[in-house]
Amino acid sequence: MIEVENLTKRYGETTVVDRVSFTVERGSIAVIVGTSGSGKSTLLRMINRLVEPTSGRVLIDGRDTRGDPAHLLRRRIGYVIQGYGLFPHRTVAQNIATVPRLLGWDARRIEARVRELLEVFSLDPASYADALPHQLSGGQQQRVGVARALAAEPAVLLMDEPFGALDPIIRTKAQDDLRGIQQRFGTTVLLVTHDMDEAFRLGDRVAVMSAGQLLQYDRPAALLTRPAAEFVSRMTGLADRALRLLSLVTAGEAALPGPSDGPAVAPTISLREALSELLWSGADSARVVDADGTVRGRLTVATILARGRP
Amino acid sequence: MPRAATVLRLAAFALLVSFLVAPQRFAPLFAPLTQYGAPPIYDQGNLLTLALAQLGTVCVAAAASSLVAVGLGILVTRPSGARFLPLSRTLVNIGQTFPPVAVLAVAVPLVGFGERPTLIALFAYGLLPIFENTLVGLRTVPPAVLEAASGMGMSARQRLLTVELPLAAPLILEGIRLSLVLNVGTATIGSTVAAKGLGEVIIAGLLSSNTAFILQGGLVTGLMAILLYDFLAALERRMLRHVTLD
């Protein structure tokens, strides 16, 4: 759990982050969105003290982050940045082993952990453990960056535009993978992005920042239905807010009992995708069917449309 | 092609060694360059000893320049040492622009004749390439790599030793190599202040108008510089197989 209390950063007369407070629940993903210069990266960097706050405090699992020297604190917090910053002179395995080695783990434990992470991130240890970063594709480098951040089993993972350098197809895959890995390890994730779609895709809660201030910190749907400021609606987009709302609900959640002779859809897809499927096929309803063939119910156009209203 | 280059280098090395070990065998080659029956091969000292003495002086000077120049380079790239950059640069530049002969002239009254003034001159002359290369090497470490190193929890010292210096190593070593090679040639002037070296042979040739002596001193020095350069380049490649920069 991350508790941020009245966190402020001033450089001379300029206030970059202005009395920001919020809490990220244990095992959830919070996303900070904002335009460039909104102070979102500075806010993130104050949590692992790469930037020292002017005032306010941060608690991680109840412990004040100022209790330890900054470099010792950072060994307990995973950190992923845009461009990843992999060490070009170290192999993939050595890169991943960075923090465990700093913490003085014994060699056997490090090797086992590196192997486990390579497998979790679908990088075959035989071909990738001894590869150098420049021999990897962009997507693989990104995965090594996240694996390295998670190596010492940190309770908290900070990510600054971690998908910014990936092409759209790989980015979507990497976002899904992050969700899976976050659930597997139960990590609390705080991610910074300027991309609203990414925030909606990943965030259990989304913080919208502008000019150093936190305008709203809420569930994605609430940002659409109850925006706290005009800037929030501008960021989320007014023109397609109904569709965005639909994209937050899955077919499985919205399905109602009843038969349907329409097309079959998976319960994991969003209502936005289900609606698109219905428009495309011209049917009035779809059958929601599990991967094992069990029918979960039906989705009518009316059911879907009702979900697109506040 | 690399094969041919290797053969050429080995041949040059064999030539150098055989000349230094048994110079008299080459007497017929140098004889046409002498007049009035003057000795064709330097006979006032052992060429091998002189060559090794010169090489030794150069290496000691290079070790000292490397220590100081790399140290300064590290200092001025730390946030706390940045204000020393202009001063360090000026000092190092003076070391390079002040002619080594003039350094000798200044140093002799202070430390006497022999190796010491030569070491001082070579030390000062060799600082610049190492210092500038260290600066470029440390400054071109990608910012994302530095940010990641700090973000992982490395202390400033750990970051310097395990990330910055290894990544800057190719450029630093190149600077040291440049400095060494420059100084193999420059070291001959040490003989004007009684340091042992091949300059002695050249000076003897100049004094007695013996072209053969001048040529011997010059050729051996030149060959040593070239071979040293190649040897160090090969050594660097071996050491840095793992540092691949894109």
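Predicted model: local features only at pLDDT ≥ 70, side-chain atom pairs only at ≥ 80, totals over all residues.
Local features need pLDDT of at least 70 and side-chain atom pairs count only at pLDDT 80 or more, while totals for chains, interfaces and linings use all residues. Residues are numbered from 1 along each chain as its sequence is written, and chains are lettered from A, with ligands numbered from 1, in the order in which they are written.

**View 1. The open sheet of chain A.** Four strands line up in the order 2-1-4-5, with antiparallel pairing (strands are DSSP runs of E, at least two residues, and helices are runs of H or I, at least four, numbered from the N terminus; two strands pair if DSSP finds at least two bridges between them). Strand 2 and strand 5 (63-64) of chain A sit at the edges with a single partner strand each, so one side of each has no neighbour in the sheet. Strand 1 (residues 2-11) of chain A joins strand 2 of chain A through seven antiparallel bridges. Zoom in on Lys9(A) and you'll find its bridge partner in strand 2, Val17(A).

**View 2. Val20(A) and its surroundings.** Val20(A) belongs to strand 2 (residues 14-24) of chain A. It counts as buried because it has 25 C-beta neighbours inside 10 Å (the cut-offs are 20 or more other C-beta atoms within 10 Å for buried, 12 or fewer for exposed, and partly exposed in between, with C-beta atoms placed from the backbone). Skipping neighbours within four places in sequence, Val20(A) is in contact with Val4(A), Leu7(A), Leu43(A) and Leu214(A) (contact means C-beta atoms, placed from the backbone, within 7 Å). Glu153(A) is 133 residues apart from Val20(A) along the chain, and their C-alpha atoms are separated by 28 Å.

**View 3. Where chain B meets chain A.** Here 18 residues of chain B are in contact with 19 residues of chain A. On the chain B side, the elements giving two or more residues are helix 7 (143-152) and helix 8 (156-186). Helix 7 of chain B gives the most, with seven residues.

**View 4. Helix 5 against helix 6 in chain B.** Helix 5 (residues 100-111) and helix 6 (residues 115-139) of chain B pack at about 140°, their axes 8 Å apart (axes are lines fitted to C-alpha atoms, for helices over the stretch in contact, and angles run from 0 to 180 degrees between N-to-C directions). Among the residues that meet are Val103(B) and Leu104(B) from helix 5 of chain B, and Ile120(B) and Ala121(B) from helix 6 of chain B.

Terms used. Contact = placed C-beta atoms within 7 Å.
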